[in-house]
Amino acid sequence: MGLIHELPVELSNQIAAGEVIERPASVVKELVENAIDAKATQVLITVHQSGLRSIEINDNGVGIAADDVEIAFQPHTTSKISTDHDLFNVKTLGFRGEALASIASVSKLTVVTSVDGKSAVKAEFSGNSLLKKETHARSKGTTITVEDLFFNTPARLKYVKSLHTELNKIVDIVDRLAMGHPEISFRLIHEGKDLVWTSGNDNLQQTIAGIYGRTIASHMYAFENSDADYQIKGFFSKPDTTRSNRSYISLILNGRYIRNYQLANAVIRGYGSKLMIGRFPIAVIDITLDPSLVDINVHPTKQEVRLTNEGHIGDLISEGIRQKLSTKNLIPDAVKNLERKTTVDQVEKPEQISFDDLSMVDHISEPDPKPIVNDETSIDELRAHPIFDDPKHLSAWDKRLKEETKPTDSDSSFPELHYIGQIHGTYLVAESPEGFYLVDQHAAQERVNYEYYRQKIGEVAADQQRLLVPIVLDYPNSESILIREKKPVLESIGLYLDDFGQNSFVVNTHPTWFVAGQEESTIREMIDYVLNDSKISVAAFREKNAIMMSCKRAIKANQHLDDKQAAFLLQNLSKAENPYNCPHGRPVLIEFSNRDLEKMFKRIQDSHDTRESE
Ligand code: ADP
Ligand code: MG
């Protein structure tokens, strides 16, 4: 007797489900994507126990015809694709025709749907078998309720993490789908509490407000950069509004949330050295291109996407961000920082305000808004999370947003600084017609030096200077081997090592930009970089050395500068590509605008007071 037989359909569905439906969030993703494909303008997602008890998706889309309901729940049935040609021109989100069959095979599923808003059909499935089908009533659209997920595949449940993790993933998915569709209103309710609620009025910044909150949305800049083939637009946070990881960089490709490492990096690259080391921006980048240039079907969850012209798209993104930032005055406002700092101190430790802390204020005073929940978050805290109160606030938000994001007079480029004096041997005082400034002398010097060295280090054939006495360097065997391998990296900045016996090297010349008297320590530090990171790229190596050299050269705080030197430093600073931060990301200067001074001396009313009393 033959042993080969066809798998029972329930079993093959469950196997397929294992790929598509990993956890409650995957159910939310597939069903919400179907609602979007069905041209819904409102999608309501109601979840209990992080989706393990129930998930309900209610949309006002086109609905499913009564005759199609059973067909839709068969594997590989779809209304979205019928030819090869379609496969390469997918504009809708789903097209594998697996989701409904998969979800139904691992849950108890009910669908109520109407194509005309008059007659509706209700069908109940359990583990993929149709239990009941009857006529019903509802408005045009579809409601799918998924209960007892994985009830018949307990092994799956093992992969489900804590309730908080699962809820986090659901929120994350809804956020991403909402960002891709500002024209659709999404509302996510968990245990009766709103977690996401977007306006659906096709305004991306308001959608961002519905996801990250209004404060963040108002600390973002809009940008656009397009050419004949690619249209890029989006929002990115000011360099002082950052997060500790890159997951707040969202990429939307033709309305679909995607992951793409290279493009996320392009966002970061756009900031140049304006970000603190180890901090990442918040950004939503919307990319529109011809669907034939995309290979979407790379991964079953369809998130990691390959693009034909990634490098070029990345350049459009980073260039767009760079250009926008170059038009902005990024000097931290002393008064705003002081106000914020005060509120933080009131909560934490009532201490004297120190200017040293100002650079950190943004990161302290605004806790990361996401993950909204983590494994430690209690459901009560979750409930307390104020994302949206009421949609009618949206129009009020809209107004506030426009007000808060509209460029102010000072929001232009770098001011002309006139040197006044030095305090504590550390800070330079300067004025401009707009206000006065405290400049961190050491940070300013580091910035000016850094830009000098970055240019020098980038030059292909660095001018060499002969050493009077060659420098001999000894390294242990293992390190010598690595150094020998890494010679091309060292040579990329003009450092030439000649073999000098088994474990030794000799250096006869060095680039002219070395600091006199520090040749050997400089060379040793450079070699340390390749020893500490054997995979270091030429670009990263150059960057590290530019920072190292700028530190070496920079004047130390407390060192007195005479007036001429100080004025010269300010003059050089104003010519810097990024005069706002030192290469480590600390601020170079802070501003006390004329307006701030008038407020502090109570010559004028605080603008907030006036707005509130209107
Ligand atoms: P796919 O989305 O890949 O086509 P699914 O299994 O997710 O496959 O859905 C099967 C079909 O059911 C869809 O092609 C669509 O015609 C229909 N459908 C599913 N959900 C909805 C919905 N919310 N509104 C209208 N039609 C739907
Ligand atoms: Mg689908």
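**Helix H19 and the chain around it**

In helix H19, the buried residues are Glu519, Thr522, Ile523, Met526, Ile527, Tyr529, Val530 and Leu531, where buried means under 20% relative accessible area, exposed over 50% and partly exposed in between, with a 1.4 Å probe and protein chains only. This is a predicted model, in which local features need pLDDT of at least 70, side-chain atom pairs count only at pLDDT 80 or more, and totals for chains, interfaces and linings use all residues. Residues are numbered from 1 along each chain as its sequence is written, and side-chain values use heavy atoms, with hydrogens and water left out.

**Helix H19**
- H19 covers residues 519–532, and its 14 residues reach 20 Å from first to last C-alpha, close to the 20 Å expected at 1.5 Å a residue, the expected span being 1.5 Å times one less than the number of residues.
- The cover over its buried residues includes strands S21 (464–474) and S23 (504–511), together with helices H17 (477–485), H18 (487–491) and H20 (538–553).

**Isoleucine 481**
- Helix H17 also holds isoleucine 481, which is partly exposed at a relative accessible area of 48%.
- Isoleucine 481 lies 21 residues from glutamine 502 in sequence, and their C-alpha atoms are 9.6 Å apart in space.

**Whole chain**
- The protein chain has 23 helices and 24 strands, taken as DSSP runs (helices H or I, at least four residues; strands E, at least two) numbered from the N terminus.
- Of the 614 residues in the protein chain, 50% are buried.
- Among contacts (heavy atoms within 4.5 Å) with a separation of 6 or more in the protein chain, 69% come from residues 24 or more positions apart.

Methods: Chains lettered and ligands numbered in written order.
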